[in-house]
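This report describes helices, salt bridges and nonpolar cores in one protein model. The sequence and structure are shown first.

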Amino acid sequence: MSAQNVGSMDGHQAFRLHMVTWNVGTAEPPADVRSLLHLDSQPATDLFVIGLQEVNATPVRYISDLISEDSWSHLLMDTLAPMGYIKVTSVRMQGLLLILFAKQVHLPFIRDIQSTYTRTGLFGYWGNKGGVSVRFSFYGHMLCFLNCHLAAHLNYALQRMDEFEYILDRQDFDMYNTPQVLDHRVVFWFGDLNFRIADHGMHFLRSSINNGRFNLLWNRDQLTMMKKQEPILQEFEEGPLCFKPTYKFDRFSETYDTRAQRTWFGFIGKKRKPAWTDRILWRIKPKAIETEDENRSTSSSADDDEYPIKVTQDMYTCDVSYGVSDHKPVIATFNLEMRKKVETPVVTLTVEGHWSADEDATFTYTILENFESSTWDWIGLYKIGFRSASHYSTFAWVKDDEVAANGEVVTVQMNKNELPLLAGDYVLGYYSTNLQTLIAFSPTFQILESRQAVTEGLLPENINGHEK
């Protein structure tokens, strides 16, 4: 177990983070990913962050995925939504995909979401390699997740380092206090980083792995070696590599590469040596240091002391049971212990009276704090178990003539013809167009079965595209 700590932990609260990185080798997803997500673990996970590399990105497939999302995202949403997890956001650059899921209760406190990407393939013009990132404020603490796919092959360790530094330099966010990746309080860097095991021959590698003596390989792991030379890497933490190297396997097996590799001219090439190419690291922003020229610090140390954060890694492993790719997925679970800086939602939603499709329904919303509200904001009606902000049954626009004032109670109606005919448990969710996320929810309430449903003996089914 590894940990980092900043400040005292009085009044802290712990949140569970589950991360996965997997180079899926253009494969379609397996039928079941429940064991990959450890859905039966206790305490339950609060945040899921999944980073994939080499998602199928042929031109036709990529355009199709942009329209209706890719098969991996669909499977993850189908798996997590019934457990109460909602897709908050995602970012994709060709084969690189990063997705964030959270419990519904946390969504009002996940704010300032931004994403970006950086290409490093073909001198920065092609996105088969590079990095995608998502940053957001979690109860006021600035977090950033960076999913990378770096240059391949044993002899390109320095190029991988150059690519990582290039990505850090190029990725900018429109945030005054965290304009770049390393400005965030906590950064998670993960993906197919492609660092290999140097010097050792194939026989020694496989013998050490088969005997579970992974420690014999650590000192020749390129990323471990680079950490001794590169100051930026020394700021990142990683758990011990007490699991099998995750590359390269024969597909649908737990056997390392046995197939003959053919070169461009048909000659037989060497088999790939096993390596820990797939990694998950993290960094807590170092304490601010006062500059010599200015009697000020580069960040607020007082704020860090008042609102400390601690990152503890509980698990770091791979799951060799999945065989659709020549890489095995790597899993890491963390405890994020912190004092909340933000505990009040910016909007409240209140359901008025009983709801059914027999009459128009009424609800109110009140803006409690200033935020980038817009007349293009809307309130969606969501059945419990919904997948994402766009997975609503119906919606209504907010006050359409002007932005509501703080404290103003705004009444909105939903047309009865848009309401579900059958009974079910629902919530209302306020979607901010500028913030691009759901920022408030009503308490769960029940929509009653309509007279039409009773008269016609309707059963749950898709009516006009919605489960009525």
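## Nonpolar cores

A nonpolar core is a set of buried Ala, Val, Leu, Ile, Met, Phe, Trp, Tyr and Cys residues joined through side-chain atoms within 4.5 Å. Buried means under 20% relative accessible area, exposed over 50%, and partly exposed in between, with a 1.4 Å probe and protein chains only. The model is predicted: local features need pLDDT of at least 70 and side-chain atom pairs count only at pLDDT 80 or more, whereas totals for chains, interfaces and linings use all residues. Residues are numbered from 1 along each chain as its sequence is written, and side-chain values use heavy atoms, with hydrogens and water left out.

The largest nonpolar core comprises 57 residues, and those with the most contacts inside it are Leu-17, Met-19, Phe-136, Phe-138, Phe-145, Phe-188 and Phe-334. Strand 14 supplies the largest share of this core, 5 residues; strands (E, at least two residues) and helices (H or I, at least four) are DSSP runs numbered from the N terminus. Apart from this core lies another, of 30 residues, among them Ile-379, Ala-404, Ile-439 and Ile-447.

Leaving aside residues up to four places away in sequence, Phe-145 touches several residues, including Leu-17, Met-19, Phe-136 and Phe-188. Contact here means heavy atoms within 4.5 Å. Val-49, Leu-98 and Phe-190 are also among the residues that Phe-145 touches.

## Helix 3

Helix 3 (residues 71-80) is largely enclosed by the rest of the structure, because 7 of its 10 residues are buried. These are Trp-72, Ser-73, Leu-75, Leu-76, Met-77, Thr-79 and Leu-80. Their cover includes strand 2 (13-23), helix 1 (34-37), strand 3 (47-53), strand 4 (85-93) and strand 5 (96-103). At the start of helix 3, a side-chain oxygen of Asp-70 comes to within 3.0 Å of the backbone nitrogen of Trp-72.

## Helix 4

Helix 4 (residues 157-170) has 14 residues and reaches 20 Å from its first C-alpha to its last, close to the 20 Å expected at 1.5 Å a residue. The expected span is 1.5 Å times one less than the number of residues.

The buried residues of helix 4 are Ala-157, Arg-160, Met-161, Glu-163, Phe-164, Ile-167 and Leu-168. They cover an arc of only 160° around the axis, which puts them on the same side of helix 4; the arc is that of the directions from the helix axis to the C-beta atoms. The face turned away from this buried side carries the exposed residues Leu-158, Asp-169 and Arg-170.

## Salt bridges

The structure holds 11 salt bridges, each defined as a side-chain nitrogen of Lys or Arg within 4 Å of a carboxyl oxygen of Asp or Glu. In one of them, Glu-235 pairs with Arg-283, with the closest N and O atoms 2.7 Å apart. Glu-235 lies in the loop between helix 8 (231-234) and strand 10 (261-262) and Arg-283 in strand 12 (residues 278-284), so the pair ties together parts that are 48 residues apart in sequence. Glu-235 is partly exposed at 30% relative accessible area, whereas Arg-283 is buried at 5%.

Asp-326 and Lys-248 also meet in a salt bridge (3.9 Å, N to O). This pair links distant parts of the chain, 78 residues apart: Asp-326 is in the loop between strand 13 (309-318) and strand 14 (330-338), and Lys-248 is in the loop between helix 8 and strand 10. Asp-326 counts as buried at 13% relative accessibility, and Lys-248 is buried at 9%. Asp-221, Glu-238 and Arg-279 are linked in a network of salt bridges.

Notes
Polar contact = N/O pair within 3.5 Å; in protein donor to acceptor, adjacent residues only side chain to side chain.
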